[in-house]
Amino acid sequence: MLRSLVGSEMCIRDRGLTADQLVDPKVRQDFSLQRFYIALSLCDVLNEVPASVVEERYGHNYGQQQAMLRAASVFSSSIVNFCAAMGWHNLEALFAAYVKRLGFGVKADLLPLMEIPGVKAGKARVLWTAGLKKPTDIAKLSPDDVFQRVKDRCAPDNKTAKFFTRQSAVATVREATKLLQRQLKDKKGELQDMEMQARMHHGGGGLLSPTSNN
């Protein structure tokens, strides 16, 4: 276990170190090592290493994993906002890519599915394996089709797939459809706002209005 390799004092906690304390080389070394240790565990979580393996490897429980993910996500959001304010757009894009991943604890390919209410990491990976990689892939199918795809394309020993029922398929299709409807409504609202702004800018002419002069 990695915890035994880096030392028995290495654990997940907020040490609350001050600048004066970090002057001590030993304290600074321990602090850097702890941050590296936490980064390793977060890397495993984002790579969808099973929670039981992460717990055994790093010596902390699921609740601590989730707390670390939330803290890292909040911190990353702050860094994104800071980069945007400073005009560092390349760094902003780099950190922004990790904010949602840290919030969900998954690889980037699962992010579209994680937007569906009620879909957690395990179910998202099962749906992705079944070829349903976006909410639109799910919404266009019937619950029976979704259920059958999961059963046909996922390994029989996959626990999440094993307990994916027809009722689960009904709920997943319903929530995927609602998500797409909300997104469509938001897009329509954005288009209306753009048209209103254009009319104000051009003195009454809209984006979709024909020109008065032929």
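User: Why is Asp 44 called buried?

Analyst: Asp 44 has a relative accessibility of 12%. Buried means under 20% relative accessible area, exposed means over 50%, and partly exposed is in between (1.4 Å probe, protein chains only). The value of 12% is under 20%, so Asp 44 counts as buried. A word on the model: it is predicted, so local features need pLDDT of at least 70 and side-chain atom pairs count only at pLDDT 80 or more, while totals for chains, interfaces and linings use all residues. Residues are numbered from 1 along each chain as its sequence is written, and side-chain values use heavy atoms, leaving out hydrogens and water.

User: Where is Asp 44, and what is it in contact with, leaving aside neighbours within four places in sequence?

Analyst: Asp 44 sits in helix 2, residues 25-46. A helix is a DSSP run of H or I with at least four residues, a strand is a run of E with at least two, and both are numbered from the N terminus. Contact means heavy atoms within 4.5 Å. With neighbours within four places set aside, Asp 44 touches Val 49, Val 54, Arg 57 and Tyr 58.

User: Why is Glu 48 called partly exposed?

Analyst: Glu 48 has a relative accessible area of 23%.

User: What is the phi of Glu 48?

Analyst: Phi of Glu 48 is near 60 degrees. The value is positive, in a residue other than glycine. Gly 131 follows helix 7, with a phi near 90 degrees.

User: How many helices and strands does the chain have?

Analyst: The chain has 11 helices and zero strands. From the N terminus, the elements run α-α-α-α-α-α-α-α-α-α-α. Of its 214 residues, 27% count as buried.

User: What makes the span of helix 11 close to the expected one?

Analyst: The expected span is 1.5 Å times one less than the number of residues. Helix 11 has 36 residues, and its expected span is 52 Å. From first C-alpha to last, helix 11 reaches 53 Å, close to that value. Helix 5 has 16 residues and reaches 24 Å, close to the 22 Å expected.

User: Which elements do the buried residues of helix 5 and helix 11 pack against?

Analyst: In helix 5, the buried residues are Val 99, Arg 101 and Leu 102. They pack against helix 2, helix 4 and helix 6. In helix 11, the buried residues include Ser 168, Ala 169, Thr 172 and Val 173. The buried residues of helix 11 pack against helix 7, helix 8 and helix 9.

User: What makes Thr 172 count as buried?

Analyst: Thr 172 has 3% relative accessibility, under the cut-off for buried, so it counts as buried. Leaving aside neighbours within four places, its contacts include Ile 116, Leu 127 and Phe 164. Thr 172 and Pro 143 are 29 residues apart in sequence, yet 8.0 Å apart in space, C-alpha to C-alpha.

User: Which residues of helix 7 are buried?

Analyst: In helix 7, residues 121-129, they are Ala 124, Val 126 and Leu 127. They cover an arc of only 160 degrees around the axis, so they lie on the same side of helix 7. The arc is that of the directions from the helix axis to the C-beta atoms. Their cover includes helix 6, helix 8, helix 9, helix 10 and helix 11.

User: Why is Arg 153 called partly exposed?

Analyst: Its relative accessible area is 47%, which lies between the cut-offs, so Arg 153 is partly exposed. Arg 153 lies in helix 9. Beyond its neighbours within four places, Arg 153 is in contact with Thr 129, Ala 130 and Gly 131. Arg 153 and Gly 131 are 22 residues apart along the chain, with 8.2 Å between their C-alpha atoms.
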